[in-house]
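Here's a friendly tour for anyone meeting this protein for the first time. Take a look at the model, then read on.

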Amino acid sequence: MEASELENGTLRFTRAGEADLERLLVLARRTFEETFAPVNTADNMATYMADAFSVETFRQELGDPANCFVLAENQAIGSLLGYFKLQKDSRAWQADDSVPAPVRDRKSIFLERFYLDKPFHGKGLAQQMMTFCLALCQAEGYEVIWLGVWEKNARALAFYEKHGFEKVGSHLFAMGSDTQTDHWLMRLLV
């Protein structure tokens with residue numbers, strides 16, 4: 001999946017590579033903490049972050065051809081504003097009974113992360129990112145895009161619903177020692 005340098009309105013989208021590791025990781029950690037630290041314990045956040053947002057984890061994910069990290073940058077100043085991560089290897093979810101059949105039965109792609117830096121919320125940039133994300137997936141011939149979102153993340157749920165995603169199931173997600181419920185959401189691309 002290619003996401004070479006493309007422009008869309010005020011954002012420029014590029015596929016992240018090894019050279020982007022440090023700045024991507026800084027943004028990824030900050031946006032995740034801003035989103036979830038206020039509603040989770042410090043211990044649970046630290047436990048989850050130590051693994052999911054380590055240098056080693058991100059280096060491995062960036063080097064895996066099943067993953068596609070796309071950076072959203074301000075064209076004028078080259079500042080990184082957001083990113084999303086697509087995971088295209090369906091083998092990872094074919095055996096997971098919590099994954100809805102429409103996802104397993106079609107050519108699908110998983111939107112694992114979608115984050116915009118907090119100062120840029122409410123300015124239409126997340127809509128630009130989602131429009132680009134959906135177009136990229138359609139261009140690659142995917143029939144379905146799907147994701148998991150915490151049941152208590154009302155802002156994200158409203159955003160995805162606005163972009164045509166529908167709830168098709170749920171699964172458990174471990175945030176440290178806290179077992180939380182994520183909703184599976186999907187959207188047809190064809």
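## About the model

This is a predicted model, where local features need pLDDT of at least 70, side-chain atom pairs count only at pLDDT 80 or more, and totals for chains, interfaces and linings use all residues. Numbering starts from 1 along each chain as its sequence is written, and side-chain values use heavy atoms, with hydrogens and water left out.

## The whole protein

You'll find seven helices and eight strands here (DSSP runs numbered from the N terminus: H or I of at least four residues for helices, E of at least two for strands). The radius of gyration, taken over C-alpha atoms, is 16 Å. The globule rule (2.2 Å times the number of residues to the power 0.38) also gives 16 Å for 190 residues, so the protein is as compact as a globular protein of that length.

Its C-alpha atoms fill a box of roughly 45 × 40 × 30 Å along the principal axes. Of the 190 residues, 47% count as buried (under 20% relative accessible area, with a 1.4 Å probe and protein chains only).

## Where α1 meets α2

Helix α1 spans residues 21-36 and helix α2 residues 42-52; their axes come within 12 Å and cross at roughly 155 degrees. That makes α1 roughly antiparallel to α2 (an angle over 145 degrees between N-to-C directions).

Which residues of α1 meet α2? They are Arg29, Phe32, Glu33 and Phe36, and their partners in α2 are Met45, Tyr48 and Met49 (contact means heavy atoms within 4.5 Å).

Note on methods
Axes fitted to C-alpha atoms, helices over the stretch in contact; angles between N-to-C directions. Parallel < 35°, antiparallel > 145°, perpendicular 65-115°, else oblique. Buried < 20%, exposed > 50% of the residue type's maximum accessible area, 1.4 Å probe, protein only.
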